[in-house]
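Work through the following exercises with the sequence and the coordinates open beside you. Each task is followed by a solution that goes step by step.

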Amino acid sequence: FSSEAHCIHLDCGKILSQKALIGKRVELSLRVVAGADGYIIERSEDKDGEFTEVGRTKNGLDLTFYDKVPKSFRTYYYRSVAFKTVCDEEFHSRASKAVSIKSKL
């Protein structure tokens with residue numbers, strides 16, 4: 001048991017920029033969150049709908065994420081969540097505001 005686990009506070013994650021790439025891919029750039037071990041990227045087809053995890057970054061300094069979207073010319077919504085692992089327990093920040101992007105062919 002660690003007293004450090006009860007003191008975890010992570011700032012809210014943020015997606016700084018998003019870009020539709022050729023080949024139904026999307027590139028997201030994330031803001032650094034101090035103390036984060038990585039970031040969870042969530043996607044939805046509806047701004048107020050249910051978000052599902054589509055991937056994670058490998059470490060807290062990996063700030064670019066690429067997602068292969070299932071359909072062309074659709075609008076997708078993304079948000080990020082910073083996480084930190086302490087004593088095999090994962091702590092999450094609040095989710096960032098959702099950003100939208102329309103996929104290309």
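**Exercise 1.** Find which backbone atoms the side chain of Thr-57 reaches, and at what distances.

*Solution.* Start with the backbone oxygen of Asn-59, which the side chain of Thr-57 reaches at 3.3 Å. Next, turn to the backbone nitrogen of Tyr-39, which the side chain of Thr-57 reaches at 2.9 Å. Each is a polar contact, meaning a pair of N or O atoms within 3.5 Å in which, within protein, one must be able to donate a hydrogen and the other to accept it, while residues adjacent in sequence count only if both atoms are side-chain atoms. The model is a predicted one, in which local features need pLDDT of at least 70 and side-chain atom pairs count only at pLDDT 80 or more, whereas totals for chains, interfaces and linings use all residues. Residues are numbered from 1 along each chain as its sequence is written, and side-chain values use heavy atoms, with hydrogens and water left out.

**Exercise 2.** Is Thr-57 buried or exposed, and why?

*Solution.* First place Thr-57 in the loop between strand 4 and strand 5 (64-68); strands here are DSSP runs of E with at least two residues, numbered from the N terminus. Thr-57 counts as buried because its relative accessibility is 7%, and buried means under 20% relative accessible area, exposed over 50% and partly exposed in between, with a 1.4 Å probe and protein chains only. Then list its contacts (heavy atoms within 4.5 Å): leaving aside residues up to four places away in sequence, Thr-57 touches Leu-30, Gly-38, Tyr-39 and Asp-62.

**Exercise 3.** Describe which way the residues of strand 3 point and which strands pair with strand 3.

*Solution.* Seven of the seven residues in strand 3 (residues 38-44) are buried. Gly-38, Ile-40, Glu-42 and Ser-44 point one way, while Tyr-39, Ile-41 and Arg-43 point the other way. In a regular strand the side chains alternate between the two faces of the sheet. Pairing requires that DSSP find at least two bridges between two strands; strand 3 pairs with strand 6 (residues 75-86) in the antiparallel sense over seven bridges, with Gly-38 opposite Phe-83. Strand 3 also pairs with strand 4 (residues 52-56) in the antiparallel sense, over four bridges, and there Glu-53 is the bridge partner of Glu-42.

**Exercise 4.** Identify the ring over which Arg-43 lies, and the ring over which the charged end of Arg-56 sits.

*Solution.* The criterion is that NZ of Lys or CZ of Arg is within 6 Å of the ring centre and within 35 degrees of the ring normal. Arg-43 lies over the face of Tyr-76, at 5.6 Å from the ring centre, and the charged end of Arg-56 sits over the ring of Phe-83, 4.9 Å from its centre.
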